[in-house]
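Subject: Structure handover

Hi,

Here is the structure I promised to pass on to you.

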Amino acid sequence: MAVNLLLGLQWGDEGKGKIVDVLTKNYDIIARFQGGPNAGHTLIFDGHKHVLHTIPSGIFHKNAVNVVGNGVVIDPVIFKKELENLAQFNLDIKSKLLISRKAHLILPTHRLLDAASETSKGKAKIGSTLKGIGPTYMDKTGRNGMRVGDLELEDWKEKYQALTEKHIKMIDFFDVDIEYNLEELETEFCEAIEVLKQLTFIDSEEYLNNAIKNKKTILAEGAQGSLLDIDFGTYPFVTSSNTTAAGACTGLGVAPNKIGEVFGIFKAYTTRVGSGPFPTELFDKDGELMAKVGHEFGATTGRPRRCGWLDLVALKYAVQINGVTQLMMMKGDVLSGFDTLKVCTSYNYKGTEVNHLPYNIEEHNVTPIYTELKGWKEDLTSMTSVETLPKELNDYIKFIEDFVEVPVKIVSVGPDRKQTILK
């Protein structure tokens with residue numbers, strides 16, 4: 001029995017939460033393998049909108065066990081708020097939500113460090129969500145971090161205090177004006193820790209490998225997107241973890257030969273939050289229409305997303321580095337009404353046409369080269385089968401499949417879990 005992966009193939013916000021929710025009925029375990037509460041997975045069903053930040057998107061299915069893996073960084077304060085929001089649904093949190101002891105904790109001073117670092121950059125800001133993700137991963141790789149398992153030790157507060165004092169010195173080093181009340185932040189943090197300690201902590205790598213041996217079905221859920229990967233994304237405008245398929249192995253303790261299907265999710269167009277290069281970004285009425293119809297605002301931050309045409313060069317790159325076996329296209333309904341659709345099929349890179357994602361895709365180096373396709377007018381939101389979709393949309397999908405050489409198996413035509421067409 002293999003572990004299937006579900007990954008975003010763009011700059012995040014592709015709609016992973018909805019698809020995990022749709023697929024969960026096929027799996028015994030949903031496991032989140034990287035990232036922190038800077039992720040926002042939105043699920044809509046039964047007339048309710050749910051936004052999850054750290055908790056896996058299978059939590060609303062009573063038969064699925066949800067695992068927060070060792071590759072995730074957890075902010076206890078945000079986690080506590082997530083749990084409070086779930087309280088009304090009478091979920092069996094104790095047995096259905098398991099936390100890896102090896103997952104690292106985001107301290108209040110990690111968030112302060114994030115703010116100080118970003119402020120010090122001035123105009124060179126990378127667009128951090130200021131959730132403390134980067135500083136937490138820095139402590140992890142610097143071998144200074146606090147982990148969930150530390151909370152089971154008697155001296156965890158001493159470790160916390162030593163790390164906090166180190167952070168305060170680092171904040172002072174940045175010499176920027178950051179206002180904060182550490183006493184208030186620590187009170188809130190300690191209250192949240194007590195809530196976190198009531199949950200079930202596990203040695204997740206042992207748990208998951210035993211589950212594989214016992215023929216359990218497992219879906220590994222990624223956060224952010226492939227183009228935000230710390231190694232393969234548009235560095236330095238990236239997140240601090242490996243968002244690609246390889247990150248599932250290190251973020252869960254699962255061997256590469258245990259990976260089965262790799263589901264890649266992408267939007268029918270492209271969006272990006274924060275700073276960084278974006279070759280197909282639109283600054284005209286088409287981009288404004290995509291943002292308006294697609295409700296393109298971050299689930300976690302509320303920040304408006306930049307919008308542009310589908311970049312097939314970048315998509316093929318993401319398919320390649322992840323070993324994607326099936327594609328899932330989201331928000332096809334947003335493109336209804338465009339007379340002509342453009343897709344980027346190559347770049348003019350420093351005067352030469354290239355078909356791959358080069359080292360630097362900043363605006364002064366790269367200009368997108370487009371292929372135009374005919375658009376459609378029909379409202380897709382009530383359609384339920386591939387046969388009912390407009391010919392132009394099926395042509396659009398076929399063009400994408402031929403270009404990236406991977407089949408599109410799911411087409412989403414709206415935010416509700418019911419608005420999902422299986423091919």
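In helix H11, the buried residues are Leu312, Val313, Ala314, Leu315, Tyr317, Ala318, Val319 and Asn322. Buried here means under 20% relative accessible area, exposed means over 50%, and partly exposed is anything in between, using a 1.4 Å probe and protein chains only. Helices are DSSP runs of H or I with at least four residues, strands are runs of E with at least two, and both are numbered from the N terminus. H11 covers residues 312–322, and because eight of its eleven residues are buried, the helix is largely enclosed by the rest of the structure. At its start, a side-chain oxygen of Asp311 comes to within 3.1 Å of the backbone nitrogen of Val313. Just after H11, Gly323 has a positive phi of about 65°.

Before you go further, please keep in mind that this is a predicted model: local features need pLDDT of at least 70, side-chain atom pairs count only at pLDDT 80 or more, and totals for chains, interfaces and linings use all residues. Residues are numbered from 1 along each chain as its sequence is written, and side-chain values use heavy atoms, with hydrogens and water left out.

Next, the core. A nonpolar core is a set of buried Ala, Val, Leu, Ile, Met, Phe, Trp, Tyr and Cys residues joined through side-chain atoms within 4.5 Å. The largest one has 56 residues, and those with the most contacts inside it are Phe266, Leu327, Met329, Leu335, Tyr396 and Ile400. Helix H12 supplies the largest share of this core, with five residues. A second, separate core has 27 residues, including Val72, Ile74, Phe189 and Ile193. As background, nonpolar side chains tend to be buried together in soluble globular proteins.

Phe266 deserves a moment of its own. It sits in strand S11, residues 259–267, and counts as buried because its relative accessibility is 0%. Leaving aside neighbours within four places in sequence, Phe266 is in contact (heavy atoms within 4.5 Å) with residues that include Leu9, Leu310, Leu315, Leu327, Met329, Ile400 and Val408.

Now for H12. The helix runs over residues 391–404, and at 1.5 Å a residue its 14 residues should span 20 Å, which agrees with the 20 Å between its end C-alpha atoms; the expected span is 1.5 Å times one less than the number of residues. Its buried residues are Leu393, Tyr396, Ile397, Ile400, Glu401 and Val404. They cover an arc of only 135° around the axis, so they lie on the same side of H12; the arc is that of the directions from the helix axis to the C-beta atoms. Just after H12, Glu405 takes a positive phi of about 65°.

There are also some UniProt annotations, given in the numbering used here with shortened feature names, and they may be inferred rather than shown by experiment. An unreviewed UniProt entry places a "binding site" at Ala299, Thr300, Thr301, Gly302, Arg303, Pro304 and Arg305. Arg305 is in the loop between helix H10 (285–293) and strand S13 (306–308), and is buried because its relative accessible area is 11%. Its side chain makes a polar contact with the side chain of Glu296 at 2.6 Å. A polar contact is a pair of N or O atoms within 3.5 Å; within protein, one must be able to donate a hydrogen and the other to accept it, and residues adjacent in sequence count only if both atoms are side-chain atoms.

For "binding site", UniProt (unreviewed entry) also lists Asp13 and Gly40. Asp13 lies in the loop between strand S1 (3–8) and helix H1 (16–23), and counts as partly exposed at 25% relative accessibility. Neighbours within four places aside, Asp13 is in contact with Lys267, Thr271, Val273 and Arg305.

Finally, some backbone details. The peptide bond from Tyr235 to Pro236 is cis, with omega near 5°, and Pro236 is in the loop between strand S10 (218–221) and helix H9 (245–252). His295, which is not a glycine, has a positive phi of about 50°, and is exposed at 62% relative accessibility. Lys350, also not a glycine, has a positive phi of about 55°.

Best wishes
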